[in-house]
Amino acid sequence: MKIYCEKDYQAMSRKAANIISALMIEKPDCVLGLATGSSPVGIYEQLVKRYREGDLDFSRVTSVNLDEYKGLSGDNDQSYRYFMDTHLFNHVNIRKEHTYIPNGLEPDSQKACDAYNEIIRNTGGIDLQLLGLGHNGHIGFNEPGPVFEKETHCVDLAARTIEANKRFFEKEEDVPRQAYTMGIQNIMMARRILVVVSGEDKADIVAKAFLGPVTPEVPASILQMHRSVILVGDEKALQKFPNLKQNICEQ
Ligand code: GLP
């Protein structure tokens, strides 16, 4: 695993955007696994800037997002489709029909999940999966539990996740209780994984995930078993990592 420790959120975002940009230049028809939440917002700003400056071309890129709230339509401003449109897709030349997100409006969970697994398979595989990290160690919406869920599934969101995500909604009751998310196997099949973490409040969980035992009680801990993970964090989030004297280290 490669770890980059950056000064702050801005520097973290730039580093992560550099890694994504390098892939897009090397492989213009790459498949990007994308994420929502506050962690990747700065990355998307950087990517939009680079596109506007003429340095990036999204015309042949395909994207598959990790997750979507069940019951929200794409034009609901709390849906992840809306998030992706407003933070990235509307501002670059990606073809909307090449951007995939689970269908939150499909009431039949099995149908929604099967369809999404099929979409992921049809892309030919994710070249780079971007991930944030929930405070309880969730990735996508894979919550802590007794087993690692393999493929796209419908989850009941953990109380802590509802609590953390209520800041985006008017009131806590508005936060959907369920979501569709890629499973751990879908994520682990990505050729590379890029995890971004910032802020003091992530310090404990990021240490637990990457330095602790591999367990489905900390879903992100499985990433220790992936052969190509890049962790980009700011100093606050990475403060519990020993030997991070220089700004990059291999583990
Ligand atoms: C949400 C998303 C995750 C995201 C996590 C962390 O629950 N489903 O994909 O990584 O929150 O969010 P943030 O980056 O805002 O801390």
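Biologist: What covers the buried residues of helix α1?

Modeller: The cover includes the strands β1 (2-6), β2 (31-34), β6 (128-131), β9 (192-197) and β10 (229-234), together with helix α2. Please keep in mind that this is a predicted model, in which local features need pLDDT of at least 70 and side-chain atom pairs count only at pLDDT 80 or more, whereas totals for chains, interfaces and linings use all residues. Residues are numbered from 1 along each chain as its sequence is written, and side-chain values use heavy atoms, with hydrogens and water left out.

Biologist: Which residues of α1 are the buried ones?

Modeller: They are M12, S13, A16, A17, I19, I20, S21, L23 and M24, where buried stands for under 20% relative accessible area, exposed for over 50% and partly exposed for what lies in between, with a 1.4 Å probe and protein chains only. As background, an α-helix has 3.6 residues a turn, so residues three or four places apart point the same way.

Biologist: How do you know what span to expect of α1, residues 9-26?

Modeller: The expected span is 1.5 Å times one less than the number of residues. Helix α1 has 18 residues and reaches 26 Å from its first C-alpha to its last, which is close to the 26 Å expected.

Biologist: Why is L23 called buried?

Modeller: L23 has a relative accessibility of 10%, and therefore counts as buried. Apart from neighbours within four places in sequence, L23 is in contact with C30, L32, D127 and L128, contact being heavy atoms within 4.5 Å.

Biologist: What makes S21 a buried residue, and which residues does S21 touch?

Modeller: The relative accessible area of S21 is 6%, so S21 is buried. Residues up to four places away in sequence are not counted, and S21 then touches L47, R50 and L56.

Biologist: Where is Q46, and why is Q46 called buried?

Modeller: Q46 is found in helix α2 (residues 41-52). Its relative accessible area is 9%, and Q46 is therefore buried. Beyond neighbours within four places in sequence, the contacts of Q46 are Q10, S13, R14 and A17.

Biologist: What makes S198 buried, and where is its place?

Modeller: S198 sits in the loop between β9 and α7, and with a relative accessible area of 17% S198 is buried. Leaving aside neighbours within four places, S198 is in contact with Y9, M12, D234 and A237. In helix α7 (residues 203-211) the buried residues are A203, I205, V206, A207, A209 and F210, and their cover includes β9 and β10.

Biologist: How do you know what radius of gyration a compact globule with 251 residues would have?

Modeller: The rule is 2.2 Å times the number of residues to the power 0.38, and the radius is taken over C-alpha atoms. For 251 residues a compact globule would have a radius of gyration near 18 Å, and the protein chain, with 17 Å, agrees. Its C-alpha trace spans about 50 × 45 × 35 Å along the principal axes, and buried residues make up 54% of the chain.

Biologist: What is counted as a helix or a strand, and how many of each are there?

Modeller: Both are DSSP runs numbered from the N terminus, with helices being H or I of at least four residues and strands being E of at least two. The protein chain comes to seven helices and eleven strands.
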